[in-house]
Amino acid sequence: MAAASRALLPTPRAAAGASLAGARARLPASASLPFRAHRVRCAVVSSPAPVAAPPPSSAPARRISPAGSDGALRPKPAVLVAEKLSEAGLAVLREFADVECAYGMSPAELLAKVAQFDALIVRSGTKVTREVLEAGRGRLRVVGRAGVGIDNVDLQAATEAGCLVVNAPTANTVAAAEHGIALLASMARNVSQADAALKAGKWQRTKYVGVSLVGKTLAIMGFGKVGSEVARRAKGLGMHVIAHDPYAPADRARAIGVELVSFDEAIARADFISLHMPLIPTTNKIFNDESFAKMKTGVRIINVARGGVIDEDALVRALDSGKVAQAALDVFTVEPPPKDSKLVLHENVTVTPHLGASTVEAQEGVAIEIAEAVVGALRGELAATAVNAPMVPAEVLSELAPYVSLAEKLGRLAVQLVAGETGIKGVKVVYTTARGPDDLDTRLLRAMVTKGLVEPVSSTFVNLVNADYTAKQRGLRITEERVAHDSPAAEAPLESVQVRLSQVQSRFAGAISDGGDIVLEGRVKYGVPHLTLVGPYEVDVSLEGNLILCRQIDQPGMIGKVGNILGQRNVNISFMSVGRTFRGKQAIMAIGVDEEPDKETLEKIGGIPAVEEFVFLEL
Ligand SMILES: NC(=O)C1=CN([C@@H]2O[C@H](COP(=O)(O)OP(=O)(O)OC[C@H]3O[C@@H](n4cnc5c(N)ncnc54)[C@H](O)[C@@H]3O)[C@@H](O)[C@H]2O)C=CC1
Ligand SMILES: O=C(O)C(=O)COP(=O)(O)O
């Protein structure tokens, strides 16, 4: 239960509340965000204790403003803006706080300064490390990221320091999509190379013959906010657009006229490939030697997402061999990239210095979005764009804590079992409980199932505030059902929690129930979440570490065989449980492992003759 309980630990400032790591809301680019409607009171970031009267004139220069919703006078907060923020956002901030803009600080300068401020606002160029957050501890209450990606902010350290992180996830979507299209078109017509040549005095009309876009197939990898906007625009250019996103709702794609296909099919069919997925463990270097080999020779690649999704050395090899004809890159694994980077200097590569969000309009929108979120947070409100948010009364939390962890883990396991391109349509959460609806508020549990389903596969962070909203935005229809537990005297708030993903293909057929749904059920035993049902199979395995599910013909010796393979590879088994439908038919082995087995070990397990399928799941 490490992840969830860590995320739910009260922060030092949250004596009366609790913090739940989470909350990056996603919105369609066209949507305007009703921030104010989404704000709720939140104890963690409320202003310091009210002062009864303005300080005497000799007091240090900390001005007083009516900040709290209770009307009490409080010291005027101080906000440090570390990267260029548009004037419109600064104006919003200045109405409420003392604002200092210190652009281009070195890490040491930021460290020395940060403790004097209540809030810090950054873009992608400032690393908000654990050190920075430690240095700000005691005063720094809010970090605002004026943009989408928060990979430059140490979220865990921020949560530990009781510092709320908010971002601005929607205002730069269109700008990023437009930049993707700009790179696509200028790469196809060699605009930057021809421009450089002409400025060097060379008139090279035959060297820079380009390729046409009309009728070509564009694969959008990651069909989220930016990806879908790129798709719309590319269709306007007469391109045939396909997309790969294992978690995108098929109806959203259909509405734009985009075909959702598998990863391999997308990269094999495409003339152009545009990357729009978040940088998460499963997408890290997902474009590598192996994937380049599956592409058409002469493919062209655009990346305005994150540099880390491409193995940059492999891309140089693919460019050198001609497998990849051209690449257009806005983002790099290390930013700025080294001056002698082979990739940047490659003649078939067009580069821009992370300009995706850099339009006047987007920067104004982002600046206002982040300024409002930071001001709201400093006032003690919580915006829908909070990334790590406080939310639940301590007493409710302490009773529900293990169930909260169970709900998140069931969600995490369920989403990892999904396969195919159909996307998740409906999610049903079934609570077996002796309590009536008034005695058991399931919002937190539903939010945690959503968190488990969404976070492993997106750049969205989910908490109680934004869970339902996030689910809706992603086309996830979550319904709840209460089943009365037949022992009404039971003390525990819940007997079991079941998560059902309706009519979805699975990587593990054993998890599919008779009705065709992926079904996982769990219970809390001795305060620890346990997985107790997989599809039709009853199991009992503690949800700690990671999990291997293995379906095999029920026969003697199977536990020993699998145990031996794991033991030989020094993988410690924490729990093991076998469930079967009928003796001698199929059975499922659920194996909790402390370490992640390597590929070879998993293949060995899969190679045991009686094993029909297996899957490794991370918790
Ligand atoms: N260059 C720039 O200045 C900008 C870059 N970005 C970056 O663009 C990316 C996309 O941003 P948004 O569209 O706002 O995020 P989003 O969260 O709306 O979309 C990301 C999509 O990727 C999908 N995805 C997750 N794992 C995947 C996988 N293995 N294969 C395919 N798809 C997968 C998710 O389901 C989601 O639909 C992010 O990395 C963001 O940081 C965003 C704005 C500006
Ligand atoms: O919003 C994002 O994820 C971006 O990549 C934009 O970064 P920037 O704010 O321009 O440094």
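Mentor: Start with accessibility. Buried means under 20% relative accessible area, exposed means over 50%, and partly exposed is in between. Keep in mind that this is a predicted model.

Trainee: Why is D598 called partly exposed?

Mentor: D598 has a relative accessibility of 38%.

Trainee: What makes R569 and D598 a salt bridge?

Mentor: The test is a side-chain nitrogen of Lys or Arg within 4 Å of a carboxyl oxygen of Asp or Glu. For R569 and D598, the N to O distance is 3.6 Å. That is within the limit, so the pair is a salt bridge. R569 is partly exposed, at 28%.

Trainee: Which parts does the pair of R569 and D598 tie together?

Mentor: R569 lies in the loop between α19 (558-568) and β26 (573-580). D598 lies in the loop between β27 (586-593) and α20 (599-607). The parts are 29 residues apart in sequence.

Trainee: Which residues do salt bridges with shared partners join into one network?

Mentor: D118, R139 and R141. The structure holds 27 salt bridges.

Trainee: How do you know that R446 and E480 meet in a salt bridge?

Mentor: Their side chains come to 2.7 Å, N to O. The limit is 4 Å, so the pair qualifies. R446 lies in helix α17 (residues 443-454) and E480 in strand β20 (residues 477-484), so the pair ties together parts 34 residues apart in sequence.

Trainee: Are R446 and E480 buried or partly exposed?

Mentor: R446 has a relative accessible area of 15%, so R446 is buried. E480 is at 31%, so E480 is partly exposed.

Trainee: What is the distance between the closest N and O atoms of R306 and D151?

Mentor: They are 3.1 Å apart, and the two residues form a salt bridge. The pair links distant parts of the chain, 155 residues apart. R306 is in the loop between β14 (299-303) and α13 (312-321). D151 is in the loop between β8 (142-145) and α6 (155-160).

Trainee: Why is R306 called buried?

Mentor: R306 has a relative accessible area of 15%. Buried means under 20%, so the label holds. D151 is at 52%, which is over 50%, so D151 is exposed.

Trainee: Which residues are around ligand 2?

Mentor: R306 is one of them. The shell divides into 3 nonpolar, 5 polar and 3 charged residues.

Trainee: What makes S124 a polar contact of ligand 2?

Mentor: A polar contact needs a pair of N or O atoms within 3.5 Å. An N or O atom in the side chain of S124 is 2.4 Å from an oxygen atom of ligand 2. S124 therefore passes. A polar side-chain atom of N172 lies 2.9 Å from a ligand 2 oxygen. G149 uses a backbone N or O atom, at 2.8 Å from an oxygen of ligand 2. Taken alone, ligand 2 exposes 320 Å², and the protein buries 91% of that.

Trainee: What makes β12 and β16 edge strands?

Mentor: The sheet is open, with 7 strands in the order β12-β11-β10-β13-β14-β15-β16 and parallel pairing. β12 (259-260) and β16 (349-351) each have a single partner strand, so one side of each is left without a neighbour in the sheet.

Trainee: How do you know that β11 and β12 pair?

Mentor: Pairing needs at least two bridges. Strand β11 (residues 240-244) is joined to β12 by 2 bridges, so the pair meets the requirement. A243 has L260 in β12 as its bridge partner.

Conventions. Residues numbered from 1 in each chain as written. Chains lettered and ligands numbered in written order. Predicted model: local features only at pLDDT ≥ 70, side-chain atom pairs only at ≥ 80, totals over all residues. Heavy atoms only, no water. Near = heavy atom within 4 Å. Polar contact = N/O pair within 3.5 Å; in protein donor to acceptor, adjacent residues only side chain to side chain. Areas by Shrake-Rupley, 256 points an atom, 1.4 Å probe, with all protein chains shown as cover. Nonpolar A, V, L, I, M, F, W, Y, C, P; charged D, E, K, R; others polar. Helix = DSSP H or I, 4+ residues; strand = E, 2+ residues; numbered from the N terminus. Buried < 20%, exposed > 50% of the residue type's maximum accessible area, 1.4 Å probe, protein only.
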